[in-house]
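I am opening a notebook page on a structure that is new to me.

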Amino acid sequence: MSLTVGRRTLLAVLSAAAVASVYAAQPVLARIGDDLGVPQARLGWVVAAGQLGYLAGLAVLVPLGDVADRRRLIAWHLLLTAAGAALAAAATGVWTLLAALVVAGLFAVVVQTAVAYTAALSAPGERGRDLGAVTSGVVIGILGARVAAGALAAVWGWRGVYAVLAVLLATLGLLAVRVLPPDTRAARPAYRQVLRSLGGLFRERLFLSRGLIAFFLFASFGTLWSGLALPLAAAPWHLSTAQIGLFGLAGLAGALGAGRAGRRADSGAADAVTGGALLLLAASWLAVGQASWSLWLVVIGVVVLDFAVQAVHVSSQHLLTTAHPDRTGSVVGGYMIFYSLGSALGATTTTLAFAGAGWTGSSVLGAAFAGCALAVWALGRRAAAVPPPSSRRREEAGTGSPVPPAPCRG
């Protein structure tokens, strides 16, 4: 069954709404801290709570997509994410809020079930395009949440942000059952088999390489978006939450500009796209780091950074789902474990770096994460270009070329 434009759009929209529940706290961290009495150095845990819930969901819930009807799974997970958002809106203490965000993050992994479903429904020659469209919805949720949350918080406070999310997620859950096609796979493995195969992925070179790139990629991404509100709210700018949220538009423009990355991946250029985008990611921090004196340079840096992140992310998912078309749920869930760990690392360390060394410290941290991702890509490319010795000797023997004897010692 093909993936129509309407279904692709719905998958993108529900992905945007679900992931927004994890990132909506970023532009209103200062308000949450003031309301619930959370010190500035510990505000990163408000974002990290959702990421940690997301991590758990990636390990135990996303693999269910290879076992259960993914349409029903998507609907139920949206409804449970809505419940977590509603609990966050009603939270009167920091521990209640953290628990609510863990629940919302746990079931927000519906995003990855939607991505895996997209890969399974797409024709091979259109997989990159479809994945690019749906993951663009994810980025719209991550960055658009900043704009919407900033505006809503200015009117209804930070609790209103989560109340609106709860209603939207519940509505999309009901709509998914009516619009998405039923999952009619003839054979489905047992859940235990799926988890065993997920563990086996961590021994594959391609999976580990792309996973480590995702870890550092999203650590850099999290460093920016979990920390940027702090220098913008401080001197000399003193921006409001609504004004800070508008910076999400710059990130959104950059991420949507990377939509062609999926088409480039369809043409076989996924690895080259990754390398070029990681170079841009590292360079973007030179502009982002100037937040103390130039907002325009920050805007430029944000556009470039989010373009780079989206291009690498789409390319990696294309390579992995193409290599494992029969278990897209497991491979996407496993890959996104690295994403979640990296995002949580960026969220918690950027506030510590800012408290100790200001935005310069956070910027150096983000650039270092980008450099690590680039190093992993370069090492993986080098390893892939050099076949193991046993393979080279078999190739030489197969072409009739003499195999040189081992050097004599002694």
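**Overall make-up**

I began with the secondary structure and found that the protein has 17 helices and zero strands. I keep in mind throughout that this is a predicted model. I then looked up burial, and of the 410 residues of the protein, 55% count as buried. For the contacts with a separation of 6 or more, I noted that 84% come from residues 24 or more positions apart.

**Helices α9 and α14**

Two packed helices are described by the angle between their axes and the distance between the axes. I looked up both for helix α9, residues 205-227, and helix α14, residues 270-288, and found that their axes come within 12 Å and cross at roughly 25 degrees. Since an angle under 35 degrees counts as roughly parallel, α9 and α14 are therefore roughly parallel to each other. I recorded the crossing of α9 past α14 as left-handed.

Next I listed who meets whom: on the α9 side are R210, I213, L217, S220, T223 and L224, and on the α14 side are D271, T274, L278, L281, W285 and V288.

I stayed with α14 to check its length, and with 19 residues at 1.5 Å a residue it should span 27 Å, which agrees with the 26 Å between its end C-alpha atoms. I also looked up which residues of α14 are buried, and these are A270, V273, T274, G275, A277, L278, L281, S284, W285, A287 and V288.

**Helices α7 and α15**

For the second pair I took helix α7, residues 127-179, and helix α15, residues 295-323, whose axes come within 10 Å and cross at roughly 135 degrees. With that angle, α7 and α15 are therefore oblique to each other, and I noted that α7 passes α15 in a right-handed crossing. From α7 the contact takes R127, G128, L131, G132, T135, S136, V139 and L143, and from α15 it takes D306, Q310, V314, Q317, H318, T321 and T322. I sorted the residues of the contact of α7 with α15 into four nonpolar, nine polar and two charged.

**Residue L121**

Is L121 buried or exposed? I first placed L121 in helix α6, residues 110-121. Its relative accessibility is 16%, so L121 counts as buried, the cut-off being under 20%. Lastly I looked up L121 against R8: the two are 113 residues apart along the chain, and their C-alpha atoms are separated by 9.9 Å.

Definitions and conventions: Residues are numbered from 1 along each chain as its sequence is written. This is a predicted model: local features need pLDDT of at least 70, side-chain atom pairs count only at pLDDT 80 or more; totals for chains, interfaces and linings use all residues. Side-chain values use heavy atoms; hydrogens and water are left out. Axes are lines fitted to C-alpha atoms, for helices over the stretch in contact, and angles run from 0 to 180 degrees between N-to-C directions. Helices (H or I, at least four residues) and strands (E, at least two) are DSSP runs, numbered from the N terminus. Angles under 35 degrees count as roughly parallel, over 145 as roughly antiparallel, 65 to 115 as roughly perpendicular and the rest as oblique. A crossing is left-handed if the near helix is turned anticlockwise from the far one by less than a right angle, and right-handed if clockwise. Contact means heavy atoms within 4.5 Å. The expected span of a helix is 1.5 Å times one less than its number of residues. Buried means under 20% relative accessible area, exposed over 50%, partly exposed in between (1.4 Å probe, protein chains only). Ala, Val, Leu, Ile, Met, Phe, Trp, Tyr, Cys and Pro count as nonpolar, Asp, Glu, Lys and Arg as charged, and the others, Gly among them, as polar.
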